Amino acid sequence: MTDISHDRLLIIDFGSQVTQLIARRLRELNVFCEIHPFNTVDDAFLKDFNPKAVIFSGGPSSVFAEGAPMPPQSVFDLGVPILGICYGQQVMMQCLGGKVERGHGTAEFGRAFVAPTQNKLDVLEGWFLTEKEQVWMSHGDHVSEIAPGFEVYGTSPNAPFAITGDAARNFYAVQFHPEVHHTPNGARLYENFVRLAGFKGDWTMRAYREEAIAAIRAQVGDAKVICGLSGGVDSSVAAVLIHEAIGDQLTCVFVDHGLLRKGEAEEVVTMFRDNYNMPLIHADEQELFLGELDGVSDPETKRKIIGRLFIDVFQKHATAVGDAKFLAQGTLYPDVIESVSFSGGPSVTIKSHHNVGGLPEKMGLKLVEPLRELFKDEVRALGRELGLPASFIGRHPFPGPGLAIRCPGEITREKLAILREADAVYIDQIRKHGLYDEIWQAFVAILPVRTVGVMGDGRTYDFACALRAVNSVDGMTADYYPFTHEFLGETATRIINEVPGINRVTYDITSKPPGTIEWE
């Protein structure tokens with residue numbers, strides 16, 4: 001979609017690791033916002049985007065560095081409210097006539113407490129109901145002199161200008177990060193800011209559904225579309241939404257690549273054929289995928305092989321359905337954000353997103369991505385709006401490469417068979433204990449080692465596996481789920497007793513970061 005009729009809030013990204021959390025806070029307030037790297041925002045962009053308010057994110061740079069990230073000066077002439085956060089505060093002061101100084105012992109990292117001044121500010125309504133507010137600081141440089149027109153509304157021991165504002169222009173700036181949960185009252189600050197900016201809070205999934213359907217029809221016309229259906233929440237919601245827009249012009253292709261969970265192919269195909277009566281091709285391509293993956297152990301190589309083969313399969317079926325012109329994907333906003341470098345230069349690739357970055361020219365297809373502006377929880381809300389079964393809306397995320405990235409090292413049919421059975425037992429345990437809906441994602445990874453064990457009077461030399469369960473809001477950060485020792489012990493016993501080939505079970509308690517949710 002390119003035409004959003006709602007009021008827009010622009011987040012100018014200066015490279016903070018938590019910029020996405022700003023967007024989440026705003027979406028929770030039913031405010032439409034977009035994140036754009038600072039070096040893509042110029043006068044022409046601002047005129048086209050026409051934001052009702054602007055937020056400057058934090059970032060790792062110093063305003064003193066050569067080529068330091070800066071916004072266009074014209075952003076301050078738009079006449080709209082602006083909120084600067086951390087580095088964003090320093091940028092505002094630097095651009096508007098204040099001063100910033102290097103650290104020199106005034107750096108703050110972690111929890112801090114901000115005390116109010118005697119001045120009152122509308123954007124701080126609901127703040128300072130106690131003597132001090134807990135906030136999360138992460139800064140080396142600091143503001144040493146505020147810009148003309150600004151006043152001080154909050155201070156901390158190492159940030160005398162922790163909260164500043166120019167109420168006449170609706171310019172506000174804070175040295176801390178209100179978007180993180182370590183700033184408990186941070187959401188209230190965003191709520192006040194968008195209220196002062198005049199947002200109506202009309203960004204709802206009901207409205208988005210209508211707009212998305214209109215946009216899909218306008219983009220596609222009378223052409224045919226194929227949709228890569230994995231059975232996960234994203235592709236399922238995308239398929240149902242597109243089918244509602246264009247009916248039988250859509251053909252879904254469910255690719256069984258031999259890397260699915262136990263019984264998954266039958267479950268997905270049955271649900272879509274029985275409930276939605278949409279054209280669906282069940283492409284059994286197990287031999288193709290497993291053959292190409294034979295002997296491959298590098299995780300990035302696995303992902304690229306699987307991505308390439310998906311494209312080949314879709315291309316084959318695009319021709320078979322009668323010269324389809326579009327390929328539909330369940331790309332989400334976090335996928336897009338993670339694939340953009342804020343600096344515009346080379347950035348570290350954590351892992352390839354197989355559904356981001358366009359299509360090879362040889363396919364001759366254009367992309368339809370109706371979920372591209374949404375976070376995962378918004379996709380679930382849209383799924384409920386579309387009437388998808390709760391059992392599908394609530395499914396844990398499942399990666400496009402499937403079990404390939406839950407099988408570190410070389411992939412074999414033996415390891416995949418063991419992994420499917422172990423995963424089925426684990427998920428069954430989670431459901432039996434009533435924990436499935438409390439957990440963002442849970443799965444088993446089979447480890448590329450064999451360990452010595454003893455069963456009865458015999459020695460075993462079988463695989464070890466790792467259980468993984470995390471809680472998250474949108475997949476950008478995650479913490480491990482705190483199972484009881486009783487649950488873990490019971491689950492380990494079941495897996496070892498019921499799954500031949502495994503004699504050792506571990507539980508992964510790594511958060512994201514530093515780890516990722518998946519093992520590869």
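In the charge count used here, Lys and Arg are positive and Asp and Glu are negative, while His and the chain ends are left out. By that count, this protein carries 48 positive and 68 negative side chains, and the centres of the two sets are 2 Å apart. Please keep in mind as you look around that this is a predicted model. Here is a friendly tour, starting with the whole chain and moving on to single residues.

**Overall build**

- The protein contains 14 helices and 20 strands.
- Its radius of gyration is 25 Å, which agrees with the value near 24 Å that a compact globule of 520 residues would have.
- Along the principal axes, the C-alpha atoms fill a box of roughly 75 × 65 × 40 Å.
- Of the 520 residues, 57% count as buried.
- The exposed surface comes to about 22,200 Å², with carbon and sulfur atoms supplying 49% of it.
- If you take contacts between residues at least 6 apart in sequence, 76% of them join residues at least 24 apart.

**Aromatic rings**

- A search of the whole structure turns up 21 aromatic pairs.
- One of them joins tryptophan 127 and phenylalanine 176, which count as stacked because their ring centres are 5.7 Å apart and their planes meet at 20°, under the 30 degrees cut-off for stacking.
- This pair links distant parts of the chain, 49 residues apart: tryptophan 127 sits in the loop between β6 (108-116) and β7 (133-139), and phenylalanine 176 in the loop between β11 (171-174) and α4 (186-197).
- Tryptophan 127 is buried, with a relative accessible area of 5%, and phenylalanine 176 is buried too, at 0%.
- Phenylalanine 483 and phenylalanine 487 also form a stacked pair, since their ring centres are 4.3 Å apart and their planes are at 15°.
- Both phenylalanine 483 and phenylalanine 487 are buried.
- One aromatic cluster is made up of Phe14, Phe38, Phe56, Phe76, Tyr87 and Phe171.

- Glycine 79 lies in the loop between β3 (53-56) and β4 (82-85), and its relative accessibility of 70% makes it exposed.
- From C-alpha to C-alpha, glycine 79 is 9.7 Å from phenylalanine 171 in space, although the two are 92 residues apart in sequence.

**Threonine 451 in its strand**

- Threonine 451 belongs to strand β17 (residues 441-455).
- This threonine counts as buried because its relative accessibility is 16%, and the cut-off for buried is under 20%.
- Leaving aside residues up to four places away in sequence, threonine 451 touches Thr460, Tyr461, Asp462, Ala464, Asn503 and Arg504.

**Backbone points to check**

- As background, most peptide bonds are trans, and most residues other than glycine have a negative phi.
- The peptide bond from lysine 512 to proline 513 is cis, with omega near -15°.
- The next bond, from proline 513 to proline 514, is cis as well, with omega near 15°.
- Asparagine 30 has a positive phi, near 60°, and is found in the loop between α1 (19-28) and β2 (32-37).
- With 31% relative accessibility, asparagine 30 counts as partly exposed.
- Cysteine 86 has a positive phi of about 55° and is placed in the loop between β4 and α3 (87-96).
- At 2% relative accessibility, cysteine 86 counts as buried.

Definitions and conventions:
Residues numbered from 1 in each chain as written. Predicted model: local features only at pLDDT ≥ 70, side-chain atom pairs only at ≥ 80, totals over all residues. Heavy atoms only, no water. Helix = DSSP H or I, 4+ residues; strand = E, 2+ residues; numbered from the N terminus. Rg over C-alpha atoms; globule rule 2.2 N^0.38 Å. Buried < 20%, exposed > 50% of the residue type's maximum accessible area, 1.4 Å probe, protein only. Contact = heavy atoms within 4.5 Å. Areas by Shrake-Rupley, 256 points an atom, 1.4 Å probe, with all protein chains shown as cover. Charge placed at Lys NZ, Arg CZ, Asp CG, Glu CD. Phe/Tyr/Trp six-rings, centres within 6.5 Å; stacked < 30°, edge-to-face > 60°.
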